[in-house]
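Subject: Structure handover

Hello,

I am handing over the structure below, and my notes on it follow. Please read them with the model open.

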Amino acid sequence: MIVSRMMPGDDLKQGLENLMDLSEFKSGIIVCMVGSLNGAVLRMSNGNNKNFVGLFEIVSALGTISENGIHMHIAISDTEGIVYGGHLLNGCKIHTTAEIAIIESEICFKRIFDPKTGYKELVIKTDL
């Protein structure tokens with residue numbers, strides 16, 4: 001298991017990628033994340049990116065992480081408690097902290113571009 005804290009000003013997605021680069025994990029599952037952001041960039045369900053300005057609490061975050069990509073959805077709440085969610089993109093800057101727990105997957109997976117969806121999608125690797 002990886003348990004880590006990201007610091008103010010760190011980019012959340014880049015920080016997750018750095019954690020994988022430093023670990024011996026091939027694949028992992030993001031099981032817990034709490035903290036706060038100073039602005040966020042999320043891809044919405046229609047494929048459009050949305051910029052959120054202001055301070056936000058991270059209220060939920062789940063996803064998969066491999067040596068060649070991350071797929072994470074995050075829910076954030078604003079100062080009024082209104083919750084927004086979407087696909088994590090670069091540009092989510094840590095405000096005070098981000099505490100993260102990632103467990104290693106015994107199954108190896110990769111993210112490979114799927115022309116049907118236009119995104120890198122999960123592929124389970126059985127030929128280890």
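Ser77 stands opposite Val83 in strand β5. Some ground rules before the rest. This is a predicted model, in which local features need pLDDT of at least 70 and side-chain atom pairs count only at pLDDT 80 or more, while totals for chains, interfaces and linings use all residues. Residues are numbered from 1 along each chain as its sequence is written, and side-chain values use heavy atoms, with hydrogens and water left out.

Strands here are DSSP runs of E with at least two residues, and helices are runs of H or I with at least four; both are numbered from the N terminus. Strands count as paired if DSSP finds at least two bridges between them.

Buried means under 20% relative accessible area, exposed means over 50%, and partly exposed is in between, with a 1.4 Å probe and protein chains only. On one side, β4 pairs with β3 (residues 49-66) in the antiparallel sense over 9 bridges. Ile76 in β4 is the bridge partner of Ile58, and a hairpin of 2 residues joins β3 to β4. β4 is also joined to β5 (residues 83-88) by 5 bridges, again antiparallel. The hairpin of β4 and β5 has 5 residues between the strands, and Gly81 there takes a positive phi near 90 degrees.

Asp78 sits in the loop between β4 and β5. Asp78 counts as buried because its relative accessibility is 19%. A polar atom of its side chain lies 2.9 Å from the backbone nitrogen of Glu80. Asp78 touches Leu55, Phe56 and Tyr84, leaving aside residues up to four places away in sequence; contact means heavy atoms within 4.5 Å. Between Asp78 and Ile58 there are 9.4 Å from C-alpha to C-alpha, and the two are 20 residues apart in sequence.

The largest pocket

The largest pocket holds about 280 Å³ of space. A pocket is an open set of points on a 1 Å grid over the protein atoms alone, where a 1.4 Å probe fits, with protein on both sides within 12 Å along at least five of seven lines; lining residues have an atom within 4 Å of a point. The volume is the space filled by probe spheres set on the points, which are joined across faces, edges and corners. The lining has 16 residues, and the closest to the centre are Arg43, His71, His87, Tyr119 and Lys120. β4 gives the largest share of the lining, 4 residues. By class, the lining has 4 nonpolar, 6 polar and 6 charged residues. Ala, Val, Leu, Ile, Met, Phe, Trp, Tyr, Cys and Pro count as nonpolar, Asp, Glu, Lys and Arg as charged, and the others, including Gly, as polar.

Ser36 is in strand β2 (residues 27-43) and is buried, at 4% relative accessible area. Its side chain makes a polar contact with the side chain of Thr96 at 2.7 Å. A polar contact is a pair of N or O atoms within 3.5 Å; within protein, one must be able to donate a hydrogen and the other to accept it, and residues adjacent in sequence count only if both atoms are side-chain atoms.

Thr97 is in strand β6 (residues 94-104) and is buried, at 13%. The side chain of Thr97 makes a polar contact with that of Arg5 at 2.6 Å. Among the residues that Thr97 touches is Ser36.

Regards
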